Amino acid sequence: MTLFYSIKEAISGFSKARLSTFITIFTIFFLLFILAVFAILSSNVYRIVNVLNANYDMQVYLSNTLTDAEIESLNREFRQMPGVKEVRFISKEAAASEFKQVFGEDIFDALEENPLPASLVILMNEDTKVKLNLEKIAKDLQKRPEIDEVVLHQDAFNALVKFSRISRIVLYTIFVIVLAGSLFMISNTIRLIILARRPIIDTMQLVGATDAFIRRPFIIEGVLQGFLGGGAAAFLVYLLMQLVALQWPGLILLPNYFYAMLLLAGVLFGLVGSLFAVKRFL
Amino acid sequence: MLELHNVTITYPTGDGIRKCSFQVAPGEMVFLVGPSGAGKSTVLKGIYLDEWPAEGHIVVSEFNSLFIAKREIPYLRRRLGVIFQDFKLLNDRDVFRNVAFVLEVVGRRNKEIKRRVLRALADVGLSHKSRKYPQELSGGEQQRIAIARAIVNEPYILLADEPTGNLDPVTSREIMDVLVRINLRGTSLLVATHNYEMVKNYNGRIIRIENGEII
Ligand SMILES: Nc1ncnc2c1ncn2[C@@H]1O[C@H](COP(=O)(O)OP(=O)(O)OP(=O)(O)O)[C@@H](O)[C@H]1O
Ligand SMILES: [Mg+2]
């Protein structure tokens with residue numbers, strides 16, 4: 001009855017400001033989606049680093065002249081370095097078979113001798129990785145004669161660490177923009193609908209409608225816009241997560257309430273935005 | 001019970017009404033007669049508190065303009081049925097919903113809304129136009145819709161502002177007959193009009209207003 005009437009009026013209100021309604025829903029959707037992506041990236045940054053960079057942190061290619069004993073002593077030395085979690089030896093043969101796996105052809109087909117160097121792969125502890133200056137360690141190692149080359153597998157990692165530092169700031173900034181943008185869009189749309197319905201509102205007041213009754217359709221409109229925007233954002237994030245999970249299973253862990261929170265955020269924006277407009281323009 | 005006690009309403013331009021006093025008893029028929037610009041509409045606006053008395057006070061049923069809180073105004077207005085000089089019909093909905101609107105506003109149930117709207121439309125003889133839109137109706141028909149909307153919530157008193165304003169004599173008569181019939185059922189009736197000749201044919205009390213003062 002009364003609520004049913006309000007909802008009916010709310011939906012008919014949309015048709016009075018169709019474009020504005022659409023733009024508002026889209027804006028809320030878009031802003032919440034960006035916010036969600038940033039939130040996901042920044043809360044999963046270490047997991048992302050681990051998965052994308054799981055195999056090694058530093059690969060030390062050894063000179064061809066080293067004996068097994070010399071390799072063993074290097075291995076032991078690396079193990080005792082601070083922050084090292086694990087050291088793995090990749091022999092020349094293992095390197096060759098890995099080559100075959102990756103490139104699909106036998107390296108001995110073209111060459112008589114195995115040209116691939118043996119290497120030691122050094123995995124660092126996750127928590128110390130950030131603090132240690134791996135670049136300096138790599139450079140020092142590079143100078144030693146028994147070592148051919150040191151390759152750091154941490155470019156992506158560095159970028160992500162940097163990202164995680166600034167992402168918090170960006171996240172807050174985006175949140176403020178989302179909040180202000182959504183509130184503005186919603187209250188502006190509600191304002192347009194109120195203007196379009198001014199004569200109806202005046203007449204309603206003259207025949208004894210309470211303020212609460214007159215306001216309700218507009219509040220419902222705002223909440224509906226927020227709900228649709230938030231829902232679309234939640235839906236797209238869900239799709240995106242499914243895609244990411246196909247490519248990199250376990251890369252991102254997202255609590256189920258994350259989607260509910262997106263939806264709730266949209267609804268809250270809608271509620272606050274329309275309350276503001278109704279207080280201001282009615 | 002409707003009472004005006006020394007009511008003064010002043011517009012920013014200086015016009016309005018001055019020290020108007022009169023009463024309308026339950027079931028009474030009263031005509032407020034005066035030339036254009038005399039202040040008839042202003043009196044009615046004071047009664048439904050669209051304009052606020054600067055001096056004096058107005059009593060409608062249990063409401064007194066001196067003591068009424070802003071949030072109580074809707075409840076005062078629900079006691080009144082108002083036929084506005086400019087009708088104030090809503091062009092975005094059909095006749096049925098224009099009338100139903102008043103009951104939706106007060107939160108009546110659908111079944112009751114339907115019953116009451118159909119009866120009000122029958123009272124004004126427009127049942128067959130319930131699916132038309134106001135802009136598809138003649139002036140006289142719009143006037144009747146305005147009446148149906150004013151009576152649908154069974155008001156305590158019916159205020160009609162120039163109900164025969166732009167209508168030919170025959171239609172005016174029909175409209176007046178509708179109002180009189182409603183009055184005979186016990187609803188107080190206050191009609192504001194400039195048409196003294198028409199009013200003389202009815203046995204209601206006549207209050208004359210000129211230049212914002214009751215004479
Ligand atoms: N909103 C307003 N602002 C300023 N002055 C107004 C306003 N409404 C009415 N007036 C003035 O107040 C006086 C009384 O107006 P009112 O509308 O009450 O007259 P009326 O008797 O209803 O006239 P009519 O028969 O033409 O409807 C007039 O001089 C009018 O110009
Ligand atoms: Mg008038």
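Modeller: Lys19(B) is exposed, with a relative accessible area of 53%. That value counts as exposed because the cut-off is over 50%. The model is predicted. Lys19(B) sits in strand E2 of chain B, residues 16–24. Its backbone deserves a look: phi of Lys19(B) is positive, about 45°, although the residue is not a glycine. Most residues other than glycine have a negative phi.

Glu162(B) shows a positive phi too, near 50°, and is likewise a residue other than glycine. Its setting is a loop of chain B, between strand E7 (157–161) and helix H6 (169–184). Glu162(B) is buried, at a relative accessible area of 8%. So Glu162(B) falls under the 20% limit for buried residues.

Now the metal. The magnesium ion, ligand 2, has two protein donors: OG of Ser41(B) and OE1 of Gln85(B). They lie 1.9 to 2.3 Å from the ion. Ser41(B) counts as buried, because its relative accessibility is 19% and the limit is under 20%. Gln85(B) has a relative accessible area of 43%, so it is partly exposed.

Two packed helices are described by the angle between their axes and the distance between the axes. H3(B) packs on helix H4 of chain B, residues 110–123, at about 125°. Their axes are 9 Å apart. That angle makes H3(B) oblique to H4(B). The crossing of H3(B) past H4(B) is right-handed. On the H3(B) side, the contact is made by Val95(B), Phe96(B), Val99(B), Ala100(B), Leu103(B) and Glu104(B). H4(B) supplies Ile113(B), Lys114(B), Arg116(B), Val117(B), Leu118(B), Ala120(B) and Leu121(B). By class, the residues of this contact are ten nonpolar, no polar and three charged.

H2(A), residues 18–43, and H11(A), residues 211–247, pack at about 40°. The distance between their axes is 8 Å. That makes H2(A) oblique to H11(A). The crossing is right-handed. H2(A) residues in the contact include Ile25(A), Ile28(A), Phe29(A), Leu32(A) and Phe33(A). Among their partners in H11(A) are Gly226(A), Gly229(A), Gly230(A), Leu236(A) and Met241(A). The contact of H2(A) with H11(A) has 15 nonpolar, six polar and no charged residues.

The wider picture of chain A is as follows. The chain has twelve helices and four strands. Of its 282 residues, 43% are buried. Among contacts with a separation of 6 or more, 83% are between residues 24 or more positions apart.

Asn75(A) lies in helix H4 of chain A, residues 68–80. With a relative accessible area of 6%, Asn75(A) is buried. Leaving aside residues up to four places away in sequence, Asn75(A) touches Val87(A), Phe89(A) and Leu120(A).

Technical notes:
Residues numbered from 1 in each chain as written. Chains lettered and ligands numbered in written order. Predicted model: local features only at pLDDT ≥ 70, side-chain atom pairs only at ≥ 80, totals over all residues. Heavy atoms only, no water. Donors = N, O, S within 2.8 Å, 3.2 Å for Na, K, Ca; no water. Buried < 20%, exposed > 50% of the residue type's maximum accessible area, 1.4 Å probe, protein only. Axes fitted to C-alpha atoms, helices over the stretch in contact; angles between N-to-C directions. Helix = DSSP H or I, 4+ residues; strand = E, 2+ residues; numbered from the N terminus. Parallel < 35°, antiparallel > 145°, perpendicular 65-115°, else oblique. Left-handed = near helix turned anticlockwise from the far one by under 90°. Contact = heavy atoms within 4.5 Å. Nonpolar A, V, L, I, M, F, W, Y, C, P; charged D, E, K, R; others polar.
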